[in-house]
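Student: I've got a model open on my screen and I'd like to talk it through with you. Can we take it piece by piece?

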Amino acid sequence: MDRRTDEYDTAAGGGASVQPTANTSEVNLEIEGMTCANCAGRVEKAIAGLDGVSDVTVNFALNSANVHFDDSKLDTSKIAEAVADSGYSVATHQLSFDVDGMTCANCALRVEKALSAVPGVTDASVNFALERADISALSGKVNDAIAIKAIEDAGYHATSRNKSGSEDRDADEAARNEKNQDKSLILLAVSALLTAPLVLQMVWMNLGVSYHLPAWVELALATPVQFYVGARFYKGAFAALRHRSANMDVLVALGTSAAYFLSLYNMLTSNAGQTHLYFEASAAIITLILAGKIMEERAKRGASAAIRELMALRPRRARKLVDGEGEQDVAVESLSVGDIVRVLPGERVPVDGKVHAGESELDESLITGETRPVARVSCDTVVGGAVNGTGRLDIEVSAVGDDTTLSRIIRLVEKAQTGKAPVQKLVDRVSAVFVPIVVVIALLTLAAWLFTGFGAEASIVAAVSVLVIACPCALGLATPTALVAGTGSAARNGILIRNFEALEQAHNVDTVIFDKTGTLTEGTPTVRDVEPASGVDRNELLRLVAAVQAASEHPLARAVVSLAKDEGVSVPDIDNFKGKTGAGVMADVEKHKIAIGSEALLTDLDIAGPSQDMATDIKKHEGEGRTVILVAIDGTFAGYLTLEDRIREGAKQAIADLKARGISSIMLSGDSQDVASHVARELGLERGEGRIRPQDKAREVEKLRKEGRHVAMVGDGINDAPALAAADVGIAMGGGTDVAMETAGITLMRSDPALVSAAIDISIATRRKIAQNLFWAFAYNVVGVPLAALGVLSPAIAGAAMALSSVSVVGNSLTLRRWNAKGGSKS
């Protein structure tokens, strides 16, 4: 890259050049968010302040930063953090990979470290439960090949999830998993058959039957189990040690090898008499742990079943209607916005769109959680993945590929499932030193037994028990499996949790703030009255108001336009349309200046309000929960319209459910205070505030948070986005805008206030499972390791306990799959 001119360097605050050293690396970063040379100077100062940076030049014109740094002290992720701390960001792209060969949490940590060390990677996260790696990397610096090489150099195998043809990839992955499962089952069957005689011999002896298999038979049975069936553990241990790390495979390989070779030594050095052999212990440990791993894999797939169910909803073919040619069977990827596709009864809708012709009922249960079929007629919207009922539908395509609702849902669920809980950081630190500590404890056990005079054989057996009972797997699975199962069950019930932060905060919520229109009410108001002032014609009033409202997308505006169309009133064109957020709209219609909105709007425009009699009538309407919009023509009050927006079915019960949990409910509305108070009384809300503007909602959220409350904001519109972002938990209703859904931490896929309480419930249930899993994972080791060290547990029993620990943790997480929005947690 050419050096920039002095003129640019001066504008951006260019840094002085420093001679590079042996450890100096150079990186060019694309900086986002800079708007002037001062921004560039701020970014440059932030980077230059890092220990290890020898030279930095930030160019505002190119939105770039050229950094020379000592890679022994610093990496690109730290530089990216410094840029973020200064209020800007480094352009990155996301890459995802499936990782094969990980056997415990230590493996995931090793892959994570390997990816983090790749130049250009700013963040890496590896999920052991999902066997998946996700990285953020500087744009243009890291590609699939570089990341895969880093994973393979760490001793694992990776395949990219970033290429097109995701359905084929998912199918290939499913086939590969099935093949590996079949292979593991065959190995388990072989191992069990060979181990059974050895274990039965031990059982007979405990029952008083004096029978021993010949030593050479025991050797013949145990050897294939140790070195053929157990080869996976040796390979994993070798790969870990080669990379100066340790994992579960190291413990298993050490423990079983010690038992096997001790038995072989005893067999070869004994005289003709009997000697104690431990072939049954080594073989049983491998068999039991292999069985546990197979059950663990099945349970892990069960935990992530929700995402596979969602992926299975995506049809791969569609019937495209072509003029003059009729139906054509085409790939869904080839469709474009505006195409018409035909969906027959019983088929899945292939894309998002709106009904062009026909009518039917759609089953959207796996997308929105709505159990009842929903009617769809001409111009209604439909979502891809829904199942068509008995009618035939022609649908105009509005979104394809990654832009469809289903694809967005899948991305949101995947993002949540690949995140990490704060407690996972502690678990990762424990896992990183777990195996070395266990090896040290095993050596201390060996020394203690030898010192107390128990002999080499008994000492080795005790040490082997310590090695095989310790299990870092359970620790690594405790959090991610609960997170995957919990977010999956939530998604099946129409609750999308975008990240763990939302899940973490939801259980603390003690105050819920609701928007009114579209959240507690249906959001489809209807005009009830058109009341002109004295001397104004009703139809003329409606005509002028409808003309202005036709330029607005507000639900109240659509209701007015709908009434004008129903009454056959022609709507003229307008000029100079202006909107005043939270107050109303203004425009010029046929040389008349029209203002429509609240009393505050008329006051701002110095327009006198309604007469005393009309003001009394308006007060009465508002007291009965109706919305009133005032109209002024050419600076004079001209009348008002009243609108009704029905309260959503179930809203009252939803508020009661929150109250039963000890959660306060507040409503903030742009309507008058009388309307807000009426709705608050009807629903049993703690309070209802009217005349609230969008910025006031965010301020109310901040005020409550400063009082020590944990606040959730529930809304559906663009004007709710600031409050959604300001709240501890932002909850967007499913019928809401994209802005609201992208701002909120939780999205409800159907407009049902009862899901607010359900979202809090699944948060509590998931956190409870994480706590239970971590307790059991630590308890197994805290209790099991000392018992093994004291000789209470034999190696075979220790191996069974190790296998059981992982299975029990994952099995406990799987109980979350039974959770539903109506019944709550079943555990």
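Student: Let's start with a bent helix: at which residue does the kink of about 35° in α16 lie?

Tutor: This is a predicted model, where local features need pLDDT of at least 70, side-chain atom pairs count only at pLDDT 80 or more, and totals for chains, interfaces and linings use all residues. Residues are numbered from 1 along each chain as its sequence is written, and side-chain values use heavy atoms, with hydrogens and water left out. Helices (H or I, at least four residues) and strands (E, at least two) are DSSP runs, numbered from the N terminus, and a bend is the angle between axes fitted to the seven residues ending at a residue and the seven starting there. In α16 the kink comes shortly before the proline P480, at A478.

Student: How far does α16 reach from its first C-alpha to its last?

Tutor: The expected span is 1.5 Å times one less than the number of residues. For the 21 residues of α16 (472-492), 30 Å is expected. The model comes close to that, with a reach of 31 Å.

Student: And how many residues of α16 are buried?

Tutor: Buried means under 20% relative accessible area, exposed over 50%, and partly exposed in between (1.4 Å probe, protein chains only). By that cut-off α16 is largely enclosed by the rest of the structure, because the buried count is 20 of the 21 residues.

Student: Where does the kink of about 30° lie in α7?

Tutor: Helix α7 covers residues 215-229 and reaches 21 Å, close to the 21 Å expected. Its buried residues include V217, L221 and V225. An α-helix has 3.6 residues a turn, so residues three or four places apart point the same way. The kink comes shortly before the proline P224, at A222.

Student: Over to strands: which residue of β26 stands opposite T511?

Tutor: Two strands pair if DSSP finds at least two bridges between them. Strand β19 (residues 511-515) is joined to β26 by 5 bridges, and the two run parallel. The residue opposite T511 is S664.

Student: Which residue of β27 stands opposite M667?

Tutor: β26 also pairs with β27 (residues 687-689), in the parallel sense over 3 bridges. The residue opposite M667 is G688.

Student: What is the strand order in the open sheet of 3 strands?

Tutor: The pairing is antiparallel, and β13 is joined to β14 by 3 bridges. β14 and β16 stand at the edges with a single partner strand each, so one side of each is left without a neighbour in the sheet. The order is β14-β13-β16.
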